[in-house]
Each structure stands twice: as C-alpha cells, then as structure tokens.
Amino acid sequence: MGGGSSGAMAAKTCAESGMSVLLLEKEKIPRYKACGGAVSKKAFDLIGKYDELEPFFNLYGARTFTPDLEPLVHKFDDVVSILTFRNSFDEFLIKNAESNGAKIIENEKVVNINQTSEGVEVSTLKNKYLSKILIGADGVNGIVAKSKNMRKNWGKGNSGICVELEIELDDTAIKEYVFDPQLIDFYFIENWGYGWMFPKGNILSVGIGGMRNRVNDPMSSLSTFLHLLSDGKSTKLDEHIVSKKAHLIPAGGVNRVTYSNRVMLVGDAAGFVDPFLGEGIYYAIASGIIAGEVATEAIRSNDCSADFLKEYEKRCDKEFNNDLRFAFKFAKNAYNHLDFFMLCLKSDPILYKNYLLTAKGDYTYKQYFNQCVKRFPITVGKIIYKKYVKI
C-alpha cells in the first residue's frame, strides 16, 4: 500500500516471485513528492538498470559549506549519485512493478484497515480489498502503523522536518547559482541543521532540514537560507519558486516496531531514514525488497504470523538498520559539536572525501566513524599546525 519507492520495490519483488500483488496509491501517478531527488549509487545498485528514467543528471561529488560559509569540495572520477525528480523516479519504479505483474490502482485513498481470520481487509473510499499480507508503504503519516497500534506519533526528538522548493531559472540565472552542474551543494547551519541546493537543468531543488526540537520556525529558517543563497546575486530565488512543500522526516536509527501479524512497514513508514542528511531513498528501496522477499516466503509457508515476519526485522537489521542506529548517535554528536566536526573536515580533506564515500555506499557509518577515530591524531595535528604554526 503506497506507490513510493518502497511500495513499488516491494510490489515488484513479490510479483517477480509469482505472487498476486495489488498496489494501492491514493494519488494519480506521477504525483509530486517533496524530495531533493538525490539517489545514491548504492540505491541504484539495488534497482539495476535505469536507462528509462528521464530526466536524470549524473553527480560526481559535492560542495559542502561550513557554518562560516567556507566551502569543502571534492569531485570523483566516477558517478556517486543520480539527481532526478521524485515524480519521475517513482513512476519509473511503478512501471517496473507493473511490467513484472503487479496490479496498480491509483486515486484510491485507504480509510480503514481491519484484520480478519482470513487476512487484512483494506477499505478505500471506493472499494474493499482482502490480502494475506499488507505491506505498509504509506509514508511517515501513514494509516497502517496507526491502525495496527504500531506507532502513534514520532516525537520531536526522533523526527525532523524538511521544507523543499523547486525554483525555475533561465540559463543566465542558473549560471549565477550553479558552481558545477555535476556537484550538489550542502550547507551546515549552526543550531538547527542543514540546507541544500541541487541543480537539475533549469530547476534548482532548494530546501532546509533539521530535527524538530531544533527547527522551531522552519519557514523563517527557509527564508533566511534563501536570502543567504541570493546574497550578492542579481536574481533572487524567492521570486522564482514554482513549488513548496514541507514534510516530516523520521530520524531513523532507533528502535521501531516494523512488523506485526500479516503486516510489515517499509521506508518512511518504518522510520528508515539517514538521520544525518535525511536521505531515505536507499532505505526505502532496500526495505521494500526485503519485505517483498519475506512476504513471498510467508505466503508460500502459509504462515503470516508476527513470529514468521520477525525475519523481516532481522534482515533489515543486518542490511542497514543496525548501522542506522549507529548513524543516529553519529548525527547527534556531529550536530551537537558542529563547529568541531566541520573543523575536522576542513583540516583533513580525507575525512571529507570518506564521508562522501559513506553517502555513496562504499562505507557504513560505523566504518566511517572508525576511520575518524584512527585519523584523530593526524586530524588534530593538522588543526594545531594550521592554527598555531602556519602563517
């Protein structure tokens, strides 16, 4: 249930295995979803071929700004991620699921879920459907988790908020803002979180994100960020906004209930999101695939109980969720000591390069943290040298 990345991948995985699959989406596909649209290489490694995805833009690195606006830049020789629009990306995944045998029903909002002895009954405004297993891919505010008492709310300390804009500029204005179309820009802001600017042809995806207990007024923070980006430029970003949307981000990396009798939660519905940068596409895809595999095994075993579906949690933990728990601690410490963390990245370019490789998927957060610990004497030495010795 839900036609985003996690739901589409779960549907495709089940359909490929010969299961009878119905995917319910409350809106008309393609539909707008607030998202920067940066899809990591590790996510595409799970998807496979993406030649039919249009449009997409290859990225080779990033430019990251410290709170004092000093840029850190690294560009690789090979692609580290892909930039696209979420409506195009989700439609691409939906079509893959459909071509593999999944039935897609659009414009049907689910209003009630009821578990019976025969399965899970899903009621929309138009129809009722009965399934042996329900995969809840209905997002951070989804009905599945609430109706099954798997979650009531997220809480400010374990969730973030993002506000995302799409800004359309002409060729001249784009050149004012885009340093290199093959790089994305991140800005780390003291006291609340981060901002981003992703170039997609003549469209800039611009937004801010942070934990809800830090970002007290997201619209004001967004306005401040836009003025920061527009400072000294002839074209002002706030005059060219074509879309604006705010959305909740589950922080990820903490213990969540992700399954019960006949039900599994995937993607944002399960809270699978990188708490440092708010990236969730990889975790949506990975959890959707795992849920599809476990659902297939459960149906073939004629056992859709919570005891059987616990296998879903075990596989998610092994694949990514144990590292998300580590990432949660990493993010908390990095944001609580942002000046020092940025100073380390600025003083030791290898740490910055390796973080980009972590985002790419070459390292886990735990591996990256261990690298930071091993390099700590070198990094501190560089800091001392630059501050007290180098003139």
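**Figure 1. Side-chain directions along strand S4 of the predicted model.** Gly61, Arg63 and Phe65 point one way from S4, while Ala62 and Thr64 point the other way. In a regular strand, side chains alternate between the two faces of the sheet. All five of these residues are buried. The strand, residues 61-65, is accordingly listed as mostly covered, with five of its five residues buried.

**Figure 2. Partners of strand S4 on its two sides.** Strands of a sheet pair through backbone hydrogen bonds, either parallel or antiparallel. S4 pairs with S5 in the antiparallel sense over five bridges. Within this pairing, Gly61 stands opposite Lys75 in S5, and Arg63 has Val73 in S5 as its bridge partner. S4 and S5 form a hairpin with five residues between them. In the turn, Leu69 has a positive phi of about 70°. S4 and S13 run parallel and are joined by five bridges. Here Ala62 has Ile184 in S13 as its bridge partner.

**Figure 3. The open sheet of seven strands.** The strand order is S5-S4-S13-S14-S15-S12-S16, and the pairing is mixed. Strand S5 (71-75) and strand S16 (241-250) stand at the edges; each has a single partner strand, so one side of each is left without a neighbour in the sheet. On average, neighbouring strands of this sheet are turned by 15° against each other, direction ignored. Helix H6 (residues 218-230) packs on the sheet. The strands touched by H6 are S12 (159-168), S13 (183-189), S14 (193-200), S15 (203-211) and S16. The direction of H6 makes about 135° with that of S15.

**Figure 4. Aromatic ring pairs.** A pair of aromatic rings is described by the distance of the centres and the angle of the planes. With centres within 6.5 Å as the criterion, the count comes to 23 aromatic pairs. The rings of Trp196 and Phe198 have their centres 6.2 Å apart and their planes at 40°, so this pair is tilted. Trp196 and Phe198 are both buried. For Phe272 and Phe320 the ring centres are 4.9 Å apart and the planes stand at 80°, which makes the pair edge-to-face. Phe272 lies in the loop between strand S18 (263-265) and helix H7 (281-300), and Phe320 in helix H8 (residues 306-336), so the pair ties together parts that are 48 residues apart in sequence. Phe272 is buried, with a relative accessible area of 2%. Phe320 also counts as buried, at 3% relative accessibility.

**Figure 5. An aromatic cluster.** One cluster is formed by Phe188, Phe276, Phe330, Tyr335, Phe341, Tyr355, Tyr365 and Tyr368.

**Figure 6. Lysine charges over aromatic rings.** The charged end of Lys200 sits over the ring of Phe85, at 4.7 Å from the ring centre. Lys233 has its charged end over the ring of Tyr177, at 5.1 Å from the centre.

**Figure 7. Helix H7 and the residue after its end.** H7 has 20 residues and spans 29 Å from its first C-alpha to its last. This is close to the 28 Å expected at 1.5 Å a residue. The helix is mostly covered, 16 of its 20 residues being buried. Just after H7, Asn302 takes a positive phi of about 55°.

Conventions:
Residues are numbered from 1 along each chain as its sequence is written. Side-chain values use heavy atoms; hydrogens and water are left out. Rings of Phe, Tyr and Trp (its six-membered ring) pair if their centres lie within 6.5 Å; planes under 30 degrees apart count as stacked, over 60 as edge-to-face and the rest as tilted. Buried means under 20% relative accessible area, exposed over 50%, partly exposed in between (1.4 Å probe, protein chains only). Helices (H or I, at least four residues) and strands (E, at least two) are DSSP runs, numbered from the N terminus. A charge sits over a ring if NZ of Lys or CZ of Arg is within 6 Å of the ring centre and within 35 degrees of the ring normal. Two strands pair if DSSP finds at least two bridges between them. Axes are lines fitted to C-alpha atoms, for helices over the stretch in contact, and angles run from 0 to 180 degrees between N-to-C directions. Contact means heavy atoms within 4.5 Å. The expected span of a helix is 1.5 Å times one less than its number of residues.
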